[in-house]
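User: I have a model on screen and want to go through its fold. Please keep the answers brief.

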Amino acid sequence: LSEKTSRLIAFFLKLRYRFLARYSPPPPFRLLDIGCGSGKFLRGMGGYGSGEGVEISPASRAFAQHTLGVKVYAALSEIPTSHRYHLVTFWHSLEHIDHPLAVLGQARALLVPGGKIIISVPNASSFQARLSGLRWSYYDHPHHLIQFNRPSLTQLLDRAGCKIITQKRFSWEYGPLGFLQTLLNFLPGPHNFLYYSTKRGQAFAGYSRGAHAGLFACHLLLA
């Protein structure tokens, strides 16, 4: 599954780069990815521009810096005051932050004139979320500290002094697989077992037959 998952991640990263091309200045540009995880998105930017990241996980930060050669800070406060970026991105990281208004203010201060912030978050008012309740894949307590919907995110951005340029309700990266995980959450077994087995490598030795059956079905889907 690891090889298939790697191909899937590479495909989604290409979608991110294409999306960036719509809103970024001509390459090369400077980008800051807040909540960059392992740094694979930043490592693959290539001819698009140069990127740095912020990541609180010591293990992910070490992998990004020592294995991928990506510059990653442990906190926004560590970034030199002289640094400025054309784009700041939050790819499903804003919901993990307990003080998003303050962080957005810091992000704005790091932008060049005319710079942009790109945010992707789960929509707690989506049909999938309302239908599935606590089995919704993005109801991921305690990792997701805030559940945003369009009105609450709009209000937050307004308070942060951000002007909304455009909004999208669907993501090929997060929508279909999130829906698949939501369906699998109705099977006996731990919440979000597909996500934690593929992205975080957790073992399934003690999981139910239903969970194993769901994981086997995902093997077939990713084949």
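User: Is Asn192 buried or exposed?

Analyst: This is a predicted model, where local features need pLDDT of at least 70, side-chain atom pairs count only at pLDDT 80 or more, and totals for chains, interfaces and linings use all residues. Residues are numbered from 1 along each chain as its sequence is written, and side-chain values use heavy atoms, with hydrogens and water left out. Buried means under 20% relative accessible area, exposed over 50%, and partly exposed in between, with a 1.4 Å probe and protein chains only. Asn192 has a relative accessible area of 2%, so Asn192 is buried.

User: What is the phi of Asn192, and where does the residue sit?

Analyst: Most residues other than glycine have a negative phi. Asn192 has a positive one. The residue sits in the loop between α7 (175-184) and α8 (193-198); helices (H or I, at least four residues) and strands (E, at least two) are DSSP runs, numbered from the N terminus. Phi of Asn192 is near 60°.

User: Which residues does His92 contact, leaving aside its neighbours within four places in sequence?

Analyst: His92 lies in the loop between β4 and α4. His92 is not a glycine, yet its phi is positive, about 50°. The residue is buried, with a relative accessible area of 12%. Contact means heavy atoms within 4.5 Å, and the partners of His92 are Ser120, Val121, Pro122, Tyr138 and Tyr174.

User: Which peptide bond is cis with omega near 0°?

Analyst: Most peptide bonds are trans. A cis bond leads from His141 to Pro142, with omega near 5°, and Pro142 is in the loop between α5 (127-132) and α6. Pro28 is in the loop between α1 (2-23) and β1. The cis bond with omega near 0° runs from Pro27 to Pro28.

User: What is the strand order in the open sheet?

Analyst: The protein has nine helices and five strands. Two strands pair if DSSP finds at least two bridges between them. β3 (72-73) and β5 (111-120) are at the edges with a single partner strand each, so one side of each has no neighbour in the sheet. The pairing is parallel, and the order is β3-β2-β1-β4-β5.

User: How many bridges join β1 to β4?

Analyst: β1 pairs with β2 (residues 49-54) in the parallel sense over six bridges. There, Asp33 stands opposite Gly53, and Leu32 has Glu52 as its bridge partner. Towards β4, Leu31 stands opposite Leu87. β1 and β4 run parallel, and the bridges between them number three.

User: Why is β1 largely enclosed by the rest of the structure?

Analyst: Across the protein, 40% of the 223 residues count as buried. β1 is largely enclosed because its buried residues number five of six.

User: Which residues have the most contacts inside the largest nonpolar core?

Analyst: A nonpolar core is a set of buried Ala, Val, Leu, Ile, Met, Phe, Trp, Tyr and Cys residues joined through side-chain atoms within 4.5 Å. The largest has 23 residues; those with the most contacts inside it are Leu32, Leu76, Ile79, Val88, Phe90 and Leu94.

User: What does Leu94 touch, leaving aside its neighbours within four places in sequence?

Analyst: Leu94 is one of the residues with the most contacts inside the largest core. Its partners are Pro100, Leu104, Ile119, Val121, Phe148, Leu153 and Leu156.

User: At what angle do the axes of α4 and α6 cross?

Analyst: Axes are lines fitted to C-alpha atoms, for helices over the stretch in contact, and angles run from 0 to 180 degrees between N-to-C directions. Pro100, Leu101 and Leu104 in α4 meet Leu156, Leu157 and Arg159 in α6. The axes come within 9 Å and cross at roughly 50°.
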